[in-house]
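Keep the structure open beside you as you read.

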Amino acid sequence: MDKTQTQPRIAPTTALLLALSYSTVVALQEHLYAPMLLPLLLLGWLHRALLWSIFKRLFWLNTLIAIVAASMLWQENYELALLVFLRSNFILLFVLMIFQGKDEFSIAIAMQRLHLPHKLTSIFFFTAKSIFLIKREFTLFKNTLHVRGFMPKTNLLTYKTMAGFVGILFIKALERSLWLQKAMHLRGFCGEVYTLEAHQDFSVYDTLLAFITILSLVWRQGALI
Amino acid sequence: MHLSEGLLRPEILIGGAVVSAAFTLYAFKTLKDDEIPKTAVLSALFFLASFVHVPIGPTSVHLVLGGIIGAMLGLRAFIAIFVALLLQGVLFGFGGLTTLGINLFNLATPTLVGYWLFMLPTTKRWHKDLLWFLIGFVPLALSAFLLSLTLALNGDAFVDAAKLALLAHLPAMLIEGFITLFALRFIEKVSPNLLHVKECYATHKPA
């Protein structure tokens, strides 16, 4: 059973707005406070079954942050190294947890529900659809190479094969864009994409998380650094 | 290639956001409905390029494809890369929301060089091959340079990391150049009409 199905879902619109607020405020801080951990604790509890995979992703996302922090430690700038490390990881953890289980389509829907310009939401919908289709071709190509016993190595054959793959993706993508353009003409596209899901899927968790996130950003007690 | 959240000073975040917003808004304002599908599919390709890993020695690098996307889209590449970066930021944590502006500036501005190189007239086969290699190599080299410059401008404490970031991108630039060259040769053989984007842009018609 898919573990994401058992988790309480935060509406994509809420996720986008709260991620923007939390990232912006925390990224501009010179000091971090204990209440900033509150939304992370709530999200951690909501996604407790997936915490291991979230932390694994967080570990790999720390490559650049670790290099930067290490260079600061080398210069004996310990306080700045800790600030940068914690600030980055607070934001990354918040984003990874709040968007857990969401896909490209849910972001497109969030954009539409925020009443952003039609052109922008249309591009998000078409990009989401294209990602879905190109991903399928990507998997097919990888499987084909695997079945033929292709082993990628540092040689010209590998680079030419990968370039051929990129070429195929471009050709199919550009041809698809032409079909889509014709389909848009036929359907009388006037810049707006209509979806069947008209209602906002807010739950009590959205309200609770919004309250705790706002509280955590304005409550300046218990400096961590 | 993506600068993470929480690393940069507010001046850099705001500066990057303002410049990128200006380019992106202008691109949006001049975007016609007919151009939406092409911009969207190339945005999807940019999004997925980071999943294509090419081996180099004991490690591997992922593709960016900024140059080739810039060559096909021109200024519209700002929109395609904006959408892809936003999706990568929220769904995978690559980059992020506050660094979206500076990352967009670092990645999308160099793609305009890719477009310019693609528009240069060529007469000989080796000229064309050299230009196609440069369409991959130069935008990524410029992006790596801008990324390092961003880190260096962030303060003295970031200078070592900036130098390391530039050095780490050197193999990726070469790989990107060769992959772009071979990919464009492949497209030329299989579907040459798709490379007639030059004529279409010159006459302001959608490709």
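1. Let's start with a definition: a residue is called buried if 20 or more other C-beta atoms lie within 10 Å of its own, and exposed if 12 or fewer do. Keep in mind too that this is a predicted model. Now try B:Leu87: it has 23 C-beta neighbours inside 10 Å, so it counts as buried.

2. Where does B:Leu87 sit? You will find B:Leu87 in helix α4 of chain B, residues 77-92. Setting aside neighbours within four places in sequence, B:Leu87 is in contact with A:Glu104, A:Ile107 and B:Phe47. B:Phe47 is 40 residues from B:Leu87 in sequence, yet their C-alpha atoms are 7.7 Å apart in space.

3. Next, look at helix α4 of chain A, residues 63-74. Its 12 residues should span 16 Å at 1.5 Å a residue, and the end C-alpha atoms are 16 Å apart, which agrees. After this helix comes A:Glu76, with a positive phi near 60 degrees.

4. Which residues of α4(A) are buried? They are A:Leu64, A:Ile65, A:Val68, A:Ala69, A:Ser71 and A:Met72. Viewed down the helix axis, these buried residues fall within an arc of 160 degrees, so they line one face of α4(A). The face turned away from the buried side carries the exposed residues A:Thr63 and A:Trp74. What covers the buried residues includes α5 (78-98) of chain A and α8 (159-168) of chain B.

5. Now for the contact between the chains, which takes 65 residues from chain A and 50 residues from chain B. On the chain A side, α8(A) gives the most, with 18 residues. By class, that side has 40 nonpolar, 16 polar and nine charged residues.

6. Chain A is divided into domain 1 (8-104 + 201-218) and domain 2 (117-186). The C-alpha centres of these two domains lie 32 Å apart.

7. Finally, turn to the largest nonpolar core, which has 127 residues. The residues with the most contacts inside this core are A:Phe94, B:Leu45, B:Ile81 and B:Ile179. Domain 1 and domain 2 of chain A both give residues to this core, so it lies between them. Have a look at A:Phe94: not counting residues up to four places away in sequence, A:Phe94 touches A:Ala19, A:Tyr22, A:Pro39, A:Leu40 and A:Leu43.

Technical notes: Residues are numbered from 1 along each chain as its sequence is written. Chains are lettered from A and ligands numbered from 1 in the order in which they are written. This is a predicted model: local features need pLDDT of at least 70, side-chain atom pairs count only at pLDDT 80 or more; totals for chains, interfaces and linings use all residues. Helices (H or I, at least four residues) and strands (E, at least two) are DSSP runs, numbered from the N terminus. The expected span of a helix is 1.5 Å times one less than its number of residues. The arc is that of the directions from the helix axis to the C-beta atoms. Two residues are in contact if their C-beta atoms, placed from the backbone, lie within 7 Å. Domain bounds come from an automatic or database domain assignment. Ala, Val, Leu, Ile, Met, Phe, Trp, Tyr, Cys and Pro count as nonpolar, Asp, Glu, Lys and Arg as charged, and the others, Gly among them, as polar. A nonpolar core is a set of buried Ala, Val, Leu, Ile, Met, Phe, Trp, Tyr and Cys residues joined through C-beta atoms within 7 Å.
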